[in-house]
Amino acid sequence: KQKFTGIVRIGHRYLLRDGRVGVVRYVNATRFAPGTWIGFELDKSEGEHDGTVNNVRYFHCANMYGTFVKKSQIAQYIARDTTKSLSREQLKYMNASK
């Protein structure tokens with residue numbers, strides 16, 4: 001399989017090598033491990049957390065929709081998120097306030 005070599009951008013959707021799909025919410029260093037980590041809000045509850053790891057909040061999403069991966073775990077770029085990069089929580093709030 002070819003390696004994903006593009007730029008990882010917040011608010012864009014990607015396919016992971018393990019088949020999970022999500023939108024990037026965080027790209028930076030973390031306290032839990034060295035190097036640059038990419039925080040995803042997944043489309044399904046196939047994650048491990050809600051954007052918080054070891055009591056440090058990196059991004060917001062519903063519980064079990066968040067995951068962190070290294071760039072090598074990204075298979076391909078899908079598209080810019082059509083919801084204008086808003087998280088599910090923000091969308092829920094917007095829909096409720098209509």
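Tutor: Let us begin with two terms: a residue is called buried when its relative accessible area is under 20%, exposed when it is over 50%, and partly exposed in between, with a 1.4 Å probe and protein chains only. Strands are DSSP runs of E with at least two residues, while helices are runs of H or I with at least four, and both are numbered from the N terminus. This is a predicted model, in which local features need pLDDT of at least 70 and side-chain atom pairs count only at pLDDT 80 or more, whereas totals for chains, interfaces and linings use all residues. Residues are numbered from 1 along each chain as its sequence is written, and side-chain values use heavy atoms, with hydrogens and water left out.

Our part is strand 3, which spans residues 36-42 and is mostly covered, since six of its seven residues are buried. Two strands pair if DSSP finds at least two bridges between them, and strand 3 is joined to strand 2 (residues 21-29) by seven bridges, the two running antiparallel.

Now look at the side chains of strand 2, where arginine 25 has its place. Arginine 25 counts as buried because its relative accessible area is 15%. Its side chain makes a polar contact (a pair of N or O atoms within 3.5 Å, where within protein one must be able to donate a hydrogen and the other to accept it, and residues adjacent in sequence count only if both atoms are side-chain atoms) with the side chain of glutamate 41, at 2.7 Å.

Aromatic rings come next: rings of Phe, Tyr and Trp (its six-membered ring) pair if their centres lie within 6.5 Å, and planes under 30 degrees apart count as stacked, over 60 as edge-to-face and the rest as tilted. The structure holds ten such pairs. The rings of tyrosine 26 and tyrosine 58 are edge-to-face, because their planes stand at 70°, with the centres 5.2 Å apart. Tyrosine 26 lies in strand 2 and tyrosine 58 in the loop between strand 5 (56-57) and strand 6, so that this pair links parts of the chain 32 residues apart.
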